[in-house]
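Subject: Structure handover

Hello,

Here is the structure I said I would pass on. My notes on it follow below.

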Amino acid sequence: MSDLPNLDAALFKPPLASDFIAIGSRATQAPRVLLLYGSLRERSYSKLCTLEAERLLQAMGAETRVFNPSGLPLVDDAPDTHAKVRELRELVQWSEAMVWCSPERHGAMTGLMKTQIDWLPLNAGAVRPTQGKTLAVMQVSGGSQSFNAVNQMRILGRWMRMLTIPNQSSVAKAFLEFDEAGRMKPSSYYDRIVDVMEELMKFTLLTRESSAYLVDRYSERKESAAELSRRVNQASI
């Protein structure tokens, strides 16, 4: 430690395989997954895609909730006591994993998708409510396949300290991929959604007891809870 004069030895914790063993036995309850979609159209393909993902997750043993964003106000246009904001935040607290699915509009995720994410608090005390949760990202496009929305959502997931899985889904020309009943047709796009939900479940089961340990940070062990809360609080922006 003499070679590291800037380090607080009392707070320095080298990661050890034995730390994972000490975490204990695996939880057996169904993984809790919250799904968000980014369009309010009557026939919303991001919603239809999200509902297909929910069916797959339920078939894999997950407990799921889909948030309906209709009526959610713009950030700062209503207090955080608004009923829809409280509903969203309570669902985030409830969940262990999340699925975000947005249309691509003007080369980006929709404003509605970003509004939902912006309402998620960066801190609750000194802990981010999203910290350590697993995340899968998906998008639908009206034209050729694109990855702009999923790439943006990956950045947001990292900012929210989520464990974003490697796989993702991008459905091109989504209007061709669903039947009149709103069910997705057999295709490689559907198979990819199966892959993504399967991977989300695997990562959730693998990390659910370890997530707090995985996102534990030296710098934040040095900070007091009050200092950390002030640093991540965006009320003054």
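Serine 102 is buried, at a relative accessible area of 0% (buried means under 20% relative accessible area, exposed over 50%, partly exposed in between, with a 1.4 Å probe and protein chains only). This serine belongs to strand β3; helices (H or I, at least four residues) and strands (E, at least two) are DSSP runs, numbered from the N terminus. Leaving aside residues up to four places away in sequence, Ser102 touches Gly38, Ser46, Met109, Thr110, Met113, Met138, Gln139, Val140 and Met153, where contact means heavy atoms within 4.5 Å.

Before the rest, a note on the source: this is a predicted model, in which local features need pLDDT of at least 70 and side-chain atom pairs count only at pLDDT 80 or more, while totals for chains, interfaces and linings use all residues. Residues are numbered from 1 along each chain as its sequence is written, and side-chain values use heavy atoms, with hydrogens and water left out.

The cores. A nonpolar core is a set of buried Ala, Val, Leu, Ile, Met, Phe, Trp, Tyr and Cys residues joined through side-chain atoms within 4.5 Å. The largest one has 24 residues, and Leu57, Val99, Ile193 and Met197 touch the most other members. Two or more residues each come from β1 (32-37), α2 (45-59), β3 (97-105), β5 (134-140) and α6 (188-207). A second, separate core holds 23 residues, including Val85, Met98, Trp119 and Ala149.

The helix pair. α2 and α6 pack at about 50 degrees with their axes 10 Å apart (axes are lines fitted to C-alpha atoms, for helices over the stretch in contact, and angles run from 0 to 180 degrees between N-to-C directions). α2 is therefore oblique to α6, since angles under 35 degrees count as roughly parallel, over 145 as roughly antiparallel, 65 to 115 as roughly perpendicular and the rest as oblique. On the α2 side the contact is made by Cys49, Glu52, Ala53, Leu56 and Leu57, and on the α6 side by Tyr190, Ile193, Val194, Met197, Leu200 and Met201.

Backbone angles. Most residues other than glycine have a negative phi. Arginine 161, in the loop between α5 (148-159) and β6 (163-164), has a positive phi of about 60 degrees. Its relative accessibility is 10%, so Arg161 counts as buried. Lysine 173, in the loop between β7 (169-171) and α6, also has a positive phi, near 45 degrees. Lys173 is partly exposed, at 44%.

Regards
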